Amino acid sequence: MATTRKGKKYARRDFLKGVAASGALASTLGAPSLAQQVGAPGATGAAQEKSSTRSRAIEFPRNFTGRNLKMIAFPLGGIGTGTISLGGRGQLRDWEIFNRPDKGNTLDYCFPAIWAKVGDADPVARVLEVRLEPPYEVTSDGLGAQNAPGLPRLAEATFTGAYPFARLAFRDPKLPVDVHLEAFNPFVPLDVDASGWPIAVLRYTVHNPHNAPARVALAWSVENPVGDAGRQAAFREAPGVSGLFMTNPFLPSFDPFKGSFAVCALGAPAGSVSYLRGWKRAQWWDGVLSFWDDFTADGALDSDSRFAMPVGSLALTQSIPAGGEATVTFLLAWHFPNRTPERCNWPAPESVPSTTVVGNAYTERFRDAWDVSQRAAAELPKLEARARAFTKALESSTLPPAVLDAAVSNLSTLRVNTCFRTADGEFHGFEGCNNHAGCCHGNCTHVWNYEQATAHVFPSLARSLRESEFLRNTDTNGLMGFRSYLPDGKQILQVAAADGQMGCLMKLYREWKLSGDTEWLRRLWPNGRRALEFAWIENGWDGNRDGVAEGVQHNTYDVEFYGPNPLCGVYYLGALRSGEEMARALGDETTAVEYHRLFERGSRWIDQNLFNGEYYIQKVEGRPESRVPAILRNQYGAGDPQSPDYQMGSACLADQLLGQVLAEVSGLGYLLDREHVRTTLKSIFKYNYRSTLSEHAGLERTYALNDEGGVLVATYPGGKRPEIPFPYFGEVWTGLEYQFAAHLAFEGMMTEALTVVETLRQRFDGERRNPWNEPECGHHYARAMASWACILAWSGFRYSAPAREVTVIPRTRRQAFRCFWSVPSGWGTFSHTLKPESQRVEIQVNEGTIAVTRLAVNGLAKGTFSKASARLGTSVVGAKLKQEAERRVVTLDREVQVTPEERLEVALTA
């Protein structure tokens with residue numbers, strides 16, 4: 001995110017570099033006036049008791065009206081295709097399909113229109129959007145002429161959003177028909193190609209409530225977006241699709257705008273479509289005037305007219321009987337293949353020009369936008385049905401609405417320009433998006449550690465990231481560059497991040513655990529082992545090989561922590577445990593034993609030396625420059641390693657136990673003392689959570705303020721803040737809030753967990769912020785996809801493919817619980833029903849399959865059970881019940897494959 005200072009803009013890390021060199025932070029962050037920020041655990045007394053004005057419970061799906069439509073930008077597009085966003089008024093905004101982010105990029109003319117005539121009454125025409133709201137003086141020309149703001153629009157609407165579907169119910173007292181819009185792009189778990197179509201589907205349903213028939217026309221007008229001079233459009237028809245195909249043959253083949261675009265109507269009745277390949281005149285505002293006159297005259301367009309302005313219009317006109325309704329589906333499709341490192345702001349290797357075309361995977365699947373349109377017309381019914389099945393599975397869940405809203409809304413980040421797939425099919429991700437460029441390139445390991453969406457919803461994307469990290473960005477000495485270049489695999493960044501590298505090892509284990517693909521693990525493990533043992537290099541993170549990371553540790557706070565600390569230290573413990581399990585799976589018991597020895601020793605040491613009775617702290621240990629390997633140090637940290645600033649010290653850090661969260665997800669067990677972990681979570685909630693930030697003195701970037709609540713990155717409860725603490729300590733990051741909420745839920749602290757999620761999502765109310773864009777260092781920040789961990793934590797669903805074991809331990813007091821699940825081999829829903837006389841689990845598959853031989857449920861749940869029975873479809877399966885610690889484990893007498901045709905039902909009874 002750009003930081004504005006004295007009229008200038010600095011990228012986050014350029015800004016930090018400047019202030020670090022000048023010492024500019026010293027006079028501000030060390031000021032005594034920061035007592036509120038670093039001392040008391042939050043607003044107290046009346047300020048703490050006063051509830052936020054945004055305290056209304058979150059719904060799912062969420063509804064927005066009035067002023068809460070203002071900030072909405074709902075991304076429409078596929079994985080790796082870029083997006084066009086649907087605004088809260090029903091307008092299209094933020095055209096970001098040209099191989100880079102483009103916030104605010106709107107075509108000069110792009111709007112839908114409706115014409116309706118009922119019986120003998122006069123026709124009514126409107127731009128099919130809600131009226132613009134103040135302020136109106138936005139330029140020296142008022143609102144200007146772009147998209148004809150002075151044309152009549154509709155009075156109001158309700159926007160309902162549950163990704164990937166958005167719905168608008170328009171209302172206007174003078175429009176004689178009722179109109180609803182549904183917009184979406186197919187989204188199917190596990191299937192990246194089915195979820196990677198470069199299209200936006202806009203489906204309008206018009207209802208005639210009168211006793212007389214109605215004649216209704218809907219039209220979309222779109223400026224040709226393919227470059228500038230030389231733009232052309234042709235009307236084309238094919239089975240099931242009619243539309244305008246827009247190109248520009250005069251653009252050079254390497255131009256980033258070289259490509260094509262299409263505006264189509266799907267399944268239009270014969271004779272119902274009319275069009276303008278371009279508007280008739282180009283001077284002054286003659287073009288929009290001629291279009292409006294043509295359309296409002298009779299609801300059809302003069303398809304044979306000549307044109308001078310590159311704005312095309314497509315209309316569909318039909319009759320609707322009294323009391324009847326009609327549906328019109330418009331399709332926008334695009335094809336822009338020329339992605340380059342320079343265009344999207346991703347550095348290229350020194351040996352490769354930054355203008356090298358790395359391409360897009362989606363443009364390898366289609367010839368052009370017309371090919372996209374034809375194939376979409378044929379395949380959309382099946383794709384839509386699959387997407388609706390996913391939505392139905394989610395909406396049928398008994399999870400708290402705020403948890404569903406948070407998890408599903410952030411899946412949209414996979415579709416925006418934060419993420420893309422190059423022509424070779426590989427997946428890449430920025431940290432986020434600046435307004436007109438990617439922000440912080442390179443699949444940044446320490447940021448992408450937080451998200452859980454790829455591994456559980458699109459595991460092939462997670463595996464692509466692991467292959468980049470271990471096969472193309474790990475050096476022979478085990479150093480993993482924490483950022484990659486494009487094209488990938490031609491140069492390795494010679495700086496390692498301790499939290500990033502150790503977290504990648506935990507994720508490697510997670511991917512193997514979910515998939516059971518041991519051959520894939522065997523291919524990556526040699527570099528995985530090197531990456532883990534890189535911690536042992538001389539003066540390294542664990543140079544004395546005692547299981548404690550005490551070296552110089554670059555981390556997600558863009559500085560190095562000197563000395564043992566919980567953030568990197570717990571990651572290291574998790575990496576040792578993951579390495580132990582992976583080595584053992586590959587037959588290397590000697591290595592597994594050594595990793596476990598270090599884990600045990602390190603875990604004991606951290607509990608004994610870093611736990612202060614409430615939470616874990618850092619022991620700051622400076623060291624001479626000669627003992628700081630250059631490959632462990634980036635450019636933004638302490639200038640004097642012997643007396644380092646930018647440390648956490650005695651901070652209560654919101655993500656100090658992130659490594660434990662990853663361990664929970666993968667079933668690794670506790671990395672530290674269980675009671676210490678629970679006490680730490682209680683302390684973070686006590687000291688870092690604020691129900692209101694009105695008294696918080698935040699001096700860094702501001703993502704929450706005033707009556708809003710949130711979880712601070714760090715606090716210093718004892719007032720022992722270093723004079724110059726680490727950057728960002730007083731900020732509020734949604735990614736940290738989600739991992740904290742998930743961890744609270746994993747530990748059964750459900751009230752606190754839900755409070756964190758609801759407080760967070762209330763900030764994204766459509767008026768203050770866009771509910772489908774959670775920023776940090778950039779829009780649509782990848783770290784926020786940690787929200788998917790909340791579904792994992794609340795549902796208690798976990799799968800071990802090597803063991804064919806499903807764990808179902810919902811964190812809820814509901815007798816009947818239902819939730820969505822997904823693993824690399826399939827997805828579906830499960831239900832868990834607990835009664836005094838029985839405990840029942842049903843696993844249903846929507847797509848794919850899941851192999852099961854063992855099922856584990858909560859062994860502490862009420863009821864005494866001694867028998868188990870199981871059924872796959874109509875077939876009885878033998879089952880035995882055994883109590884294992886806090887779990888009841890059912891072992892089937894054979895492996896079963898649960899499929900859409902045969903669900904698995906397991907019952908425990910007395």
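1. Starting with the largest cavity: its lining divides into six nonpolar, three polar and two charged residues. Here Ala, Val, Leu, Ile, Met, Phe, Trp, Tyr, Cys and Pro count as nonpolar, Asp, Glu, Lys and Arg as charged, and the others, Gly among them, as polar. Among the lining residues are V222, N224, R231, M246, F307 and G312. The volume of this cavity is about 50 Å³, and β15 (232-238) and β19 are the elements that give two or more residues to its lining.

2. Before going on, some housekeeping. This is a predicted model, where local features need pLDDT of at least 70, side-chain atom pairs count only at pLDDT 80 or more, and totals for chains, interfaces and linings use all residues. Residues are numbered from 1 along each chain as its sequence is written, and side-chain values use heavy atoms, with hydrogens and water left out.

3. How many cavities of 30 Å³ or more does a search of the whole structure find? It finds eight. A cavity is a set of points, on a 1 Å grid over the protein atoms alone, where a 1.4 Å probe fits but cannot get out; a pocket is an open set with protein on both sides within 12 Å along at least five of seven lines, and lining residues have an atom within 4 Å of a point. Grid points are joined across faces, edges and corners, and a volume is the space filled by probe spheres set on the points.

4. Strand β19 (residues 311-320) is worth a look, with nine of its 10 residues buried (under 20% relative accessible area, 1.4 Å probe, protein chains only). Strands are DSSP runs of E, at least two residues, and helices are runs of H or I, at least four, numbered from the N terminus. On one pairing, β19 runs antiparallel to β14 (residues 214-223) over 10 bridges, with A219 opposite A315. β19 also pairs with β18 (residues 273-276), again antiparallel, over four bridges; there Y275 has L314 as its bridge partner.

5. Those strands belong to an open, mixed sheet of six, in the order β9-β8-β7-β14-β19-β18. Two strands pair if DSSP finds at least two bridges between them. β9 (153-154) and β18 each have a single partner strand, so one side of each lacks a neighbour in the sheet. Further in, β7 (residues 110-118) and β14 are antiparallel over nine bridges, and P112 is partnered with W220 of β14.

6. There is also an open sheet of three strands, β4-β5-β6, with antiparallel pairing. Its edge strands are β4 (73-76) and β6. Four bridges join β5 (residues 83-87) to β6, and S85 has R93 as its bridge partner in β6.

7. Last, helix α19 (residues 734-746): 13 of its 13 residues are buried, so the rest of the structure largely encloses it. Its end C-alpha atoms are 18 Å apart, which agrees with the 18 Å that its 13 residues should span at 1.5 Å a residue; the expected span is 1.5 Å times one less than the number of residues. Just after α19, G748 takes a positive phi of about 80°.

Terms used
Buried < 20%, exposed > 50% of the residue type's maximum accessible area, 1.4 Å probe, protein only.
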